[in-house]
Amino acid sequence: MNQLKEKKSFTLGMSELHTWGGLVFGWLLFVIFFTGTLAVFEQELTHWMQPHVRINEVEPIQALASAEKQLRKLSPKADTWMIALPQQRHQDLEITWIKGKKSVEKHVNPQSGAIIKLPETGGGHFFAHFHFELHSGKVGLWLVSLASMMMLAALVSGIAIRRKVFKEFFCLHWRKNWLNVHTMTGVFTLPFILLITYTGLTVTFLMLLPIAPQILYGDSWKGPQSVAAKTFERPRSNMPGELVPLTRLLPLAEAELGEGKISFIRIRNPGDQKAVVTFFRTVDDTIVAISNRVVYDGVTGELLGSQTAWSKYVHIFRSLVGLHIARFGGYPVSWLYFAFGLISCVMIAAGLIFFTIKRRSRYARDSQMAQWMYRAIEAFNTTAITGLIIACIAYLWANRLLPFGIKERADAEITAFFSIWLIMLLHSFLRPPLRAWIEQLRIAAGFCIGLPVLNALTTNVGLLQSIPRNDWMTASVDLTAASLGIILALVSWRVSLHQRNSEKEHVKLGEAEQRIK
Amino acid sequence: MNTVIQKPFKQLRELLAGTDKTTQTILRILAAVFGGYALTSSIMAVLVVLLPWEKADVLFFSVLFPPIIYTAALIWAFAAPTAQRAWRNLLVITLFCGILALAAVWVR
């Protein structure tokens, strides 16, 4: 008897956790999962958002020569130079110089060596960043972490309250209602969500709950990097010294790290007697997201040291990071992550929708206060799901539509993202719930399908030009947006059909009731 | 004088013993968030203090645990039959691990 009672109270507790925790954090989780899914193609999105950077492949040595020439010319006295060499999925050549607290970034044409003038943009990086910080620093990081733990807890509690989901899934008992969509996609994405949430959390907890580093290192703690990596830094001597040509060091570094594998070069104190040049290896072909490096004296060109072996626990930690950022397997793995990410989004959205549908028939008879609350929940559902999709696609539209030379253009794109989202919030409060869903789905579909058209009209990297040029990084953004748009259009069509049917039934019911009277 | 101290204490006890559903849920949420944080911190402290490896190894080994511990605490707070039990469970283990960690540091 007691055991039965305990079991019942356990199920009740789990169901409470799943329902309300899932609702409150579900909005946030949809936002995190959707922007995170987009961030899988961060580099492609950045490439798409910089239509002026279209460069033919060149040898790394030629790219480096161009970068070096510009850096020597533009900022010979900087504290630090950084060069990002063109990679397979990162075709542009970026140079950055830091002087004091000021940092300037430029794009260089590796063939001609000229600076490319291009409008400022936040690129796909915005999505990657937004998905763990919500554009609000440490508060955002905490919110995302709590939401992620809620996600893990929701998986456990979800299985606890509905133990037959696995049986239903593997016996193919799939029905077409929101609860079933939620549970079946939930079972399907269970391993992926466990993986992605756990790996993400290990990284954020090192920042949020730094108890281990505090006990071990106290105040000298400067982040995991300073512990894992050997340092070859030297203080400035303030004596002028001629920097050794970087193009002479590149073949030496390539011999150590692999031909064509160098993605990043950092030069400390260029033009000083104590200059240090560090070459970093790409992590795009390894699951352990940690850069092997070789370090040279910037004046004599002597080898100062290298680090290509890491402690096994550093390996474990950085493999978790690698599993989260999904750079290791090229396009097949990226698409796999993208697909699983989208299905997870469907799972979260279906759960949120099921919450309101289950209660819709009930709360019509509830108190005024409860009615208002459920109305607000419906509106937040719409805003968090379709509103966010519209805001994300509007961010890409803003990139094409904002005038070329305005100040703070990257920030203006982000402003566009948030203002469109806010408008969608107002819209979902002002319109009746079902109308709001249908209208926002249509807007989202329109924006998505319109993206390739807009791109073709405003730039010269439209589908008709990018496909013959084999520029699939641009074309795939257009094509993916269009296909997502078609899916959204189909969904909106289904929802409006459903609404018309239920309205008809409603009328019939009303007539029947009158006849009885 | 005595009543001045006793009164708020009594009120707190009544609040904690509250069987009203909203109070229970709020207490559970607080247990999950703050109790979870405390529990994770103290277990991590014990782990870090007791592992006899090199510092860097301990650090990168320890990052594997906080998400699991915190999530478990979160689920535990809602699995307990009452909010009071949830608080008690979390606090007992937190205190136990905290004292263990302090003792280990002291012995060293």
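Guide: Before we start, one working term: two residues are in contact if their C-beta atoms, placed from the backbone, lie within 7 Å. Also keep in mind that this is a predicted model.

Visitor: Where does UniProt place the transmembrane region feature in chain B?

Guide: The UniProt record, an unreviewed entry, puts "transmembrane region" at residues 29–53, 59–78 and 90–107 of chain B. In the model, residues 29–53 of chain B are 88% helix and 0% strand, with end C-alpha atoms 36 Å apart. For residues 59–78 of chain B, the span is 85% helix and 0% strand, and the end C-alpha atoms lie 31 Å apart.

Visitor: Helix α2 of chain B covers residues 21–50. What should its 30 residues span?

Guide: At 1.5 Å a residue, α2 of chain B should span 44 Å, and its end C-alpha atoms are 41 Å apart, which agrees.

Visitor: Where is the kink in α2(B) centred?

Guide: The kink in α2(B) is centred on Gly35(B) and comes to about 30 degrees.

Visitor: Back to chain A, then. How many helices and strands there?

Guide: Chain A has 17 helices and eight strands. Its C-alpha trace spans about 100 × 60 × 40 Å along the principal axes. Buried residues make up 39% of the 517 residues in chain A.

Visitor: What are the domains of chain A?

Guide: The assignment gives domain 1 (2–48 + 127–203 + 329–516) and domain 2 (56–123 + 219–322) of chain A. Taken over C-alpha atoms, the centres of domain 1 and domain 2 of chain A are 39 Å apart.

Visitor: How many residues does each domain put into the contact?

Guide: Domain 1 of chain A gives 13 residues and domain 2 of chain A gives 10 residues. On the domain 1 side, α2 (42–49), α7 and α14 (409–430) of chain A each supply at least two residues. That domain 1 side divides into five nonpolar, six polar and two charged residues.

Visitor: Last topic: which residues of chain A does the UniProt "transmembrane region" annotation cover?

Guide: That unreviewed entry lists several spans in chain A, including residues 20–41, 139–161, 181–212 and 335–357. In the model, residues 139–161 of chain A are 100% helix and 0% strand, with end C-alpha atoms 32 Å apart. Residues 181–212 of chain A are 94% helix and 0% strand, and their end C-alpha atoms are 41 Å apart.

Terms used:
Residues are numbered from 1 along each chain as its sequence is written. Chains are lettered from A and ligands numbered from 1 in the order in which they are written. This is a predicted model: local features need pLDDT of at least 70, side-chain atom pairs count only at pLDDT 80 or more; totals for chains, interfaces and linings use all residues. Helices (H or I, at least four residues) and strands (E, at least two) are DSSP runs, numbered from the N terminus. A residue is buried if 20 or more other C-beta atoms lie within 10 Å of its own, exposed if 12 or fewer, and partly exposed in between; C-beta atoms are placed from the backbone. Domain bounds come from an automatic or database domain assignment. Ala, Val, Leu, Ile, Met, Phe, Trp, Tyr, Cys and Pro count as nonpolar, Asp, Glu, Lys and Arg as charged, and the others, Gly among them, as polar. UniProt positions are given in the numbering used here, feature names are shortened, and annotations may be inferred rather than shown by experiment. The expected span of a helix is 1.5 Å times one less than its number of residues. The bend at a residue is the angle between axes fitted to the seven residues ending there and the seven starting there.
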